[in-house]
Amino acid sequence: MRKSRSKRKSNIHLQQPTINPRDFQFMITKVAVSQICKSVGFRRSRVSALETLTLVATKYLETLVKSAASFSNAASRTQSNILDLTNALHDMSLQVGFMGASTLYDHNNNCLLKSSVLESLSDFVSSANEIPFAKPIERAKERESEEVNAVPGSFQERGGHIPEWLPRFPDVGGTNENCDKRVYGEQLWENSSSVLGCQIDGFEEKRCGSNNVGKLPKGRSRIKFRVNNGGGTRVGLNGISCNNVFGQCKDEEEAEPVAVCEKSVKSEEKHILVYKRRKKRC
Amino acid sequence: MNHNPQSSDGKHDDDSALSDFLASLMDYAPTIPDELVEHYLAKSGFQCPDVRLIRLVAVATQKFVAEVASDALQHCKARQAAVVKDKREKQQKDKRLILTMDDLQSHCASIFIGVWK
């Protein structure tokens, strides 16, 4: 039975649900797993069996990678290398078994790079037919452009969690100075001249009250305080409520301090938080 | 004394074999795409700038799935061979290789993965 074209189109629009990110990656993994099953020899599959196999593959990948990460962390490293990955592969393959599993931790004869697991993977790559993924996946390229344009001490370098109007971090001496001291002799960090120098300078600046103290690299946004009633009129100092208001407040009309915190994310947009004080009703 | 040059030659051979394998990984396109593997690596806390290790993880997962699928295929064929009665059914057998939960369950249980319907 064939439906008319108009009915087909309406059905297509109705059947397009919003896809979660988890579902999206699961569907991609399912496509890859179904390609592997087809290469092995299967022609059809039950949906439940395919989804189960996809879930098993996902869990295997995550477990392998987590154990490799934990091996590297145990060796005081943040970046994993092939040795960590080999150890993780050994852990995952112990249930099935592989050549040399009994002498894994033999100090005399063990060499991780000669592992039989790696050899079997090498044989698999050389013998199995290459099955590229069915469709290309677009890669996000936003991060690369951000790293290239980073200016020292700017938003990109310090990260978005630090506002731009805060002063820069103090310079902790030159890096060459610290390197030389490591080569020629150990020295405690708190005793280094750069740290002592910074402390003294900081105290002197506070006492002298020099003109440079308090000057920020970038101007901070204006802050106003308003004491106001719920309906827009002014009242006493009881209760505080917070509303989101888009608009401007004129200084001439206000006799009491106004609490308005302006935070400009972009130059075009201004979100104003108005803290209002309401009268308590006895 | 005599073992040392042999062991060093052996190490060189192993290193060269491993480096050849890692180089061949760059030419081999695994079925699981790099972007998907990178997503799971980031999710699990695996940090490595080397693309070859990402390919190695993808190949290891592909090999695992292929082993499970091939074992399930063996189970499926063994089950159908026991049921065959006529010649007609033999011809249709190749078209009816369907991956089912029963075949998966039997293999996953052997490698200590619990699968329930």
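This is a predicted model: local features need pLDDT of at least 70, side-chain atom pairs count only at pLDDT 80 or more; totals for chains, interfaces and linings use all residues.
Residues are numbered from 1 along each chain as written, and chains are lettered from A in the order written. Local features need pLDDT of at least 70, side-chain atom pairs count only at pLDDT 80 or more, totals for chains, interfaces and linings use all residues, and side-chain values use heavy atoms.

The contact (heavy atoms within 4.5 Å) takes 56 residues from chain A and 55 residues from chain B. The area buried between them, meaning accessible area (1.4 Å probe) lost on being put together, summed over both, is about 5,300 Å². Carbon and sulfur atoms give 75% of this area. Phe42(A), Leu61(A) and Phe124(A) supply 12% of the area that chain A buries against chain B, more than any other three residues.

One salt bridge crosses the interface; the term stands for a side-chain nitrogen of Lys or Arg within 4 Å of a carboxyl oxygen of Asp or Glu. Lys43(B) and Glu62(A) form this salt bridge, at 3.2 Å from N to O.

The rule also finds one cavity of 30 Å³ or more. A cavity is a set of points on a 1 Å grid over the protein atoms alone where a 1.4 Å probe fits but cannot get out, and lining residues have an atom within 4 Å of a point. The largest cavity holds about 30 Å³ of space, the volume being that filled by probe spheres set on the points, which are joined across faces, edges and corners.

Definitions and conventions: On a 1 Å grid over the protein atoms alone, a cavity is a set of points where a 1.4 Å probe fits but cannot get out, and a pocket is an open set with protein on both sides within 12 Å along at least five of seven lines; lining residues have an atom within 4 Å of a point. Buried area is the accessible area (1.4 Å probe) that two parts lose on being put together, summed over both.
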